[in-house]
Amino acid sequence: MRKKTILTLIKEYFFIGLGTFILAFGLHFFFFQNKIASGGVTGLALVVNSIFGISTGLFVAISNFILFALAFIVISGQFGVKSIYATVLLSVFLSYFEKFYPSYTLTKDLILATIFGSAICALGITIIYFYEASTGGTSIIARILTKYCHISYGMSSFIVDAIVTLLAIFAFGVELGLVGLLSVYVTGFIIDKFIEGFNSRKQIMI
């Protein structure tokens with residue numbers, strides 16, 4: 001039983017790592033390089049910095065500390081630990097891509113970047129979600145909304161990130177802000193479709 005539990009944990013953390021890598025790939029090569037504001041705590045940090053002059057790094061650190069505390073208390077300790085693991089890995093992968101591919105993008109077309117970036121990020125987020133984790137930030141708020149408001153994870157992600165993206169228009173400009181809002185909607189829609197697919201497979205296996 002103990003051996004089975006260890007193997008299960010190794011499998012879970014491996015796939016959380018895989019999902020995090022896929023998410024980092026989509027963020028760096030499609031969103032970040034095209035300055036697409038896709039929501040999240042970082043987008044909110046830019047808005048706060050532009051309005052109040054508060055350091056983005058300080059805001060992100062404080063926000064994630066509060067949100068991880070909520071994750072431990074409101075959801076579960078295991079979810080909190082896995083989320084910290086995924087968040088650290090995401091930072092590592094993004095730092096790697098930033099160092100070795102600082103200005104490389106797979107497309108400069110905003111529509112293509114939005115569609116393919118959203119699909120890739122949605123796949124990564126779904127894998128992370130499937131193994132009971134998150135990458136911190138607003139994804140924790142989305143998970144809490146899903147648990148207590150009984151709405152889909154994709155929809156809750158859209159609601160939270162859409163609010164941030166609308167605010168981020170002040171930092172990124174109207175055009176990129178609207179593209180970011182589109183990416184948030186597409187990502188949330190695809191996440192729900194992927195989750196439905198995973199759940200269908202589980203039902204068939206049963």
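Phe21, Phe25, Phe29, Phe93, Tyr96, Phe97, Phe100, Tyr101 and Tyr104 form one aromatic cluster. Rings of Phe, Tyr and Trp (its six-membered ring) count as a pair if their centres lie within 6.5 Å; planes under 30 degrees apart are stacked, over 60 edge-to-face and the rest tilted. The model is predicted: local features need pLDDT of at least 70 and side-chain atom pairs pLDDT 80 or more, while totals for chains, interfaces and linings use all residues. Residues are numbered from 1 along each chain as its sequence is written, and side-chain values use heavy atoms, without hydrogens and water.

By the ring rule there are 16 aromatic pairs. One of them, Phe21 with Phe93, is edge-to-face, at 5.3 Å centre to centre and 90 degrees between the planes. This pair links distant parts of the chain, 72 residues apart: Phe21 is in helix 1 (residues 2–31) and Phe93 in helix 4 (residues 77–100). Phe25 and Phe29 form a tilted pair, with 4.8 Å between centres and 45 degrees between the planes. Being four residues apart in helix 1, these two are separated by about one helical turn. Phe25 is partly exposed, with a relative accessible area of 28%, whereas Phe29 is buried at 4%. Buried means under 20% relative accessible area, exposed over 50%, and partly exposed in between (1.4 Å probe, protein chains only).

Elsewhere, Asp192 lies in helix 8 (residues 174–205). Asp192 is buried yet has no salt bridge; Lys193, the nearest side chain of opposite charge, is 7.9 Å away. A salt bridge requires a side-chain nitrogen of Lys or Arg within 4 Å of a carboxyl oxygen of Asp or Glu. The side chain of Asp192 does reach the backbone nitrogen of Gly154, at 2.8 Å.

Methods. Lys and Arg count as positive and Asp and Glu as negative; His and the chain ends are not counted. A polar contact is a pair of N or O atoms within 3.5 Å; within protein, one must be able to donate a hydrogen and the other to accept it, and residues adjacent in sequence count only if both atoms are side-chain atoms.
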